[in-house]
Amino acid sequence: MIHIDFVKGGPVYGPLDSTKMAPSEVSQSAPHHHSDHLTSQEKVKVIEEKKAKKDYSGLLPAEIGTDYNFKREIVWKNAIGFLALHLAALYGLWVMCAYCMWKTDIWAAIVGFSSGLGVTTGAHRLFSHRAYKAPFVTRLVLILFHTLAGQNCLYIWVRDHRQHHKYSDTDADPHNANRGFFFSHVGWLMSRKHPAVISKGKTIDMSDMEADWLVMFQKEHYKVLYALFAILLPSLVPVIFWKETFFNAFFAAYMFRSVFVLNMTWLVNSAAHLYGNKPFDKYMKPVESSFVAFVSVGEGWHNYHHAFPWDYRAAEFGAKYSLTTMFIDFLASWGLAYDLRTTPYHMVQKRVQRTGDGSHPIYSEQAKKLEETGKLEDSDIAEILKSKEHGMRRLVTAQG
Ligand SMILES: [Zn+2]
Ligand SMILES: [Zn+2]
């Protein structure tokens, strides 16, 4: 068997090294609490009784599942707030098109893009998954960018996201996609939390975040920082530097910009859990979505990401077109990011052949060949890889 790794440079850590995994990823294989002498029917009964008592302690994700009879309680204050935000954002779009100076529109785009990178590069890949390491200056800038986005403080963002991975698409997942597009997109932010979310939320290991004073400083002073960096700074720069009106700048660089980026982020929780293929693991809900990858600067290769959450690229081939990955590579080239973790080629291959839905362009073909002929030569693999690489190059030339 030949081993080809697509990633050049940077140490490659296998996921079996638990010391390099985010705490939430390690605990997935926590020991089972049920006594093994129970029959499966008795086990089901014990689980159902626990759930009826809202006691989720010791229950595994598959045991929690989704209770489709659960009635969500709407938090009207949030629902009306989000409706108002979206109406204001639509008005902001109109203001951008009809009244703003072109510099203000470009500024709104720059702020939106930076805040997006704060979410993907910072909150997601660095802080939630520890997919790479970063010195103080990188963390400082990423936390500032993340504050621009106004998606709650990092601490809560990361806790919710680790919980999302650990209990994906169950009642303990804050945005369980089994409850549909609207709930996983924004509905979860305007509903009372399911008791399983509250109960399991307390079990998420956040010790690494608690040990980072920068993270805790943002948590402590989030409201002030939000007002300063998400609202005032974006709205004041156009006023000070090119004499835009505060009204125009506010609706473009705060209202429209922040609600737009929010929706692009939410698409990862909604669309990327619902519409697409599953080349890496057909037993989970997340999918590969080039559309979501495009609008979320590289976070739409979500079947891969849930299969290999420690991988800083959050994608396999899609990584080549991921702005977030390019940005991390750029940081790494300046020493501003290091210890980038990836997934060895053979591990991805094994996973595809074991659990993929057959849509993987390379490894699925291999699996088919293996089934037909009973064997696979190294030369076969090299052949398929070569043709694939050729295909990628052709694609690049065609686009460029
Ligand atoms: Zn997800
Ligand atoms: Zn993730």
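Trainee: What is the mean pLDDT of the protein?

Mentor: The mean is 86, and 83% of the residues reach 70 or more. pLDDT is the predictor's confidence in each residue, from 0 to 100.

Trainee: And where is confidence lowest, and where highest?

Mentor: Helix α1 (residues 23–26) is lowest, with a mean of 43, and α13 is highest, at 98. Residues 1–32 stay under 50, and the model has 50 contacts for them beyond four places in sequence. Residues 390–400 also stay under 50, with 1 such contact. A contact here is two residues whose C-beta atoms, placed from the backbone, lie within 7 Å. Where pLDDT is low, the predicted coordinates should not be read in detail.

Trainee: How many helices and strands are there?

Mentor: The protein has 19 helices and 0 strands. Those are DSSP runs numbered from the N terminus: H or I with at least four residues for helices, E with at least two for strands.

Trainee: Tell me about α13, then. How far apart are its ends?

Mentor: The end C-alpha atoms of α13 (residues 246–269) are 34 Å apart, which agrees with the 34 Å that its 24 residues should span at 1.5 Å a residue. That expected span is 1.5 Å times one less than the number of residues.

Trainee: Where is the kink in α13 centred?

Mentor: On R257, and the kink is about 30 degrees. The bend at a residue is the angle between axes fitted to the seven residues ending there and the seven starting there.

Trainee: Why call α13 largely enclosed?

Mentor: Because 19 of its 24 residues are buried. Buried means 20 or more other C-beta atoms within 10 Å of the residue's own, exposed means 12 or fewer, and partly exposed is in between, with C-beta atoms placed from the backbone. Take T265, which lies in α13: T265 is buried, with 22 other C-beta atoms within 10 Å. Beyond four places in sequence, T265 is in contact with V119, Q151 and S296.

Trainee: Switching topic, which residues touch the most others in the largest nonpolar core?

Mentor: A108, Y132, L154, A252, A253, M255 and F256, out of 68 residues in that core. α13 gives the most to this core, with 14 residues. A nonpolar core is a set of buried Ala, Val, Leu, Ile, Met, Phe, Trp, Tyr and Cys residues joined through C-beta atoms within 7 Å. F256 has contacts beyond four places in sequence that include A89, L93, M96 and A108.

Trainee: And α7, is that mostly covered or exposed?

Mentor: Mostly covered, with 10 of its 13 residues buried. Among them are L154, W157, R159, D160 and H161.

Trainee: What does UniProt annotate as "transmembrane region"?

Mentor: The unreviewed UniProt entry gives residues 79–99, 106–124, 136–158, 224–242 and 254–275. Its positions are in the numbering used here, feature names are shortened, and annotations may be inferred rather than shown by experiment. In the model, residues 254–275 are 73% helix and 0% strand, with end C-alpha atoms 30 Å apart. Residues 136–158 are 83% helix and 0% strand, with ends 18 Å apart.

How values were computed: Residues are numbered from 1 along each chain as its sequence is written. Chains are lettered from A and ligands numbered from 1 in the order in which they are written. This is a predicted model: local features need pLDDT of at least 70, side-chain atom pairs count only at pLDDT 80 or more; totals for chains, interfaces and linings use all residues.
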